[in-house]
Amino acid sequence: MIEIRGLQHRYGKALALDVPRLSIDASTVLVGHNGAGKSTLLLSLAGLLVPTDGVITIGGDAAGSPGARGRVSFVPDSPALFDDLTLADQMRYVARLHGGRKATPAEAANELVELLDATELLDRLPSAMSKGQRQKASLLVATARPCSVLLADEPTTGLDTESRVALLRGFAHLEQAAGVIIVSSTHDGELIAATPGRLRLSGGRPAAEPDPAAVGPVAPSPAAWSDEDGGSDDSGSDDGGSDDEGADSGGGHPQPAGAAAPPPSRWRSRSRFSQE
């Protein structure tokens with residue numbers, strides 16, 4: 001699905017990314033210390049950063065091309081939401097951008113609303129959400145249109161234990177029910193343990209094994225998770241921070257999550273998001 005050949009990116013004279021050859025055909029986590037190249041690679045895959053050299057194809061189309069954008073949705077490390085639209089309105093807006101005036105949010109997003117226990121957020125503006133709730137909202141907006149590849153930069157940042165477990169279950173649902181390949185950057189041991197593929201970056205280059213100091217302890221498998229996991233609804237703390245190596249995510253013009261790609265097909269209507 002994702003093929004990389006001779007990829008390099010430089011910030012000035014500094015080499016931030018050097019990936020000679022890489023194929024990704026299953027969900028994969030990018031691990032490594034801050035500055036290792038994780039965010040630069042995700043931005044390159046999303047077509048938001050043009051590499052200095054090399055080729056990236058997604059489903060046979062060059063990253064950033066209309067064909068690739070039709071397959072890819074992106075969740076930035078800092079939620080990018082419209083201040084004056086409720087979550088439900090933002091999901092409708094993204095769905096219609098990609099599916100036409102009468103399109104409604106994709107089935108996966110509707111199901112994620114329930115998995116993330118986010119029904120009460122649908123009628124809220126971002127200003128009325130905590131940091132963790134905005135992180136949930138960003139994921140829901142990104143999945144409001146079908147995609148075959150979901151890119152997520154530090155998706156568990158700002159989430160409490162209960163919300164983090166719910167997000168991991170949501171990822172598993174996207175992978176199993178919708179066949180989505182999820183490529184994420186993280187330091188979260190639970191997300192690492194739950195993801196089939198793992199790529200360590202060190203100094204912008206792939207390394208054979210992840211550094212335990214960079215990724216933290218390995219968590220129990222998803223089968224060990226239970227609905228009784230503790231934690232308050234959303235913490236709004238743990239500001240985390242970007243792993244970006246000096247890049248910005250769009251030339252200083254952040255885009256709403258999921259809004260980068262042209263319309264794929266396959267939509268399912270739910271009354272919550274129906275055309276008024």
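**Strand pairs and a hairpin**

I began with strand S1 (residues 2-11) and strand S4 (residues 53-58), and I found that they pair in the antiparallel sense over five bridges. I kept in mind that this is a predicted model. To see one of the bridges, I looked for the partner of isoleucine 2, and in S4 that partner is isoleucine 58.

I then asked which residue in S5 stands opposite isoleucine 58. Aspartate 61 stands there, and I noted that S4 and strand S5 (residues 61-62) run antiparallel and are joined by two bridges. S4 and S5 form a hairpin with two residues between them, and in the turn I marked glycine 59, which has a positive phi of about 65 degrees.

**The open sheet**

Next I traced an open sheet of six strands, whose order I wrote down as S6-S7-S8-S3-S9-S10, and I recorded its pairing as mixed. I wanted to know why one side of S6 and of S10 is left without a neighbour in the sheet. Strand S6 (72-75) and strand S10 (205-207) stand at the edges and each has a single partner strand, so one side of each has no neighbour in the sheet. I also noted that neighbouring strands of this sheet are turned by 25 degrees against each other on average, with direction ignored.

My last entry concerns helix H4 (residues 107-115) and helix H6 (residues 161-178), whose axes come within 9 Å and cross at roughly 155 degrees. Angles over 145 degrees count as roughly antiparallel, and H4 and H6 are therefore roughly antiparallel to each other. I recorded the crossing of H4 past H6 as right-handed.

Which residues make the contact? On the H4 side I listed Ala108, Glu111, Leu112 and Leu115, and on the H6 side Ala166, Arg169, Gly170, His173 and Leu174. Sorted by class, the contact of H4 with H6 has five nonpolar, two polar and two charged residues.

Notes
Residues numbered from 1 in each chain as written. Predicted model: local features only at pLDDT ≥ 70, side-chain atom pairs only at ≥ 80, totals over all residues. Heavy atoms only, no water. Pairing = 2+ DSSP bridges. Helix = DSSP H or I, 4+ residues; strand = E, 2+ residues; numbered from the N terminus. Axes fitted to C-alpha atoms, helices over the stretch in contact; angles between N-to-C directions. Parallel < 35°, antiparallel > 145°, perpendicular 65-115°, else oblique. Left-handed = near helix turned anticlockwise from the far one by under 90°. Contact = heavy atoms within 4.5 Å. Nonpolar A, V, L, I, M, F, W, Y, C, P; charged D, E, K, R; others polar.
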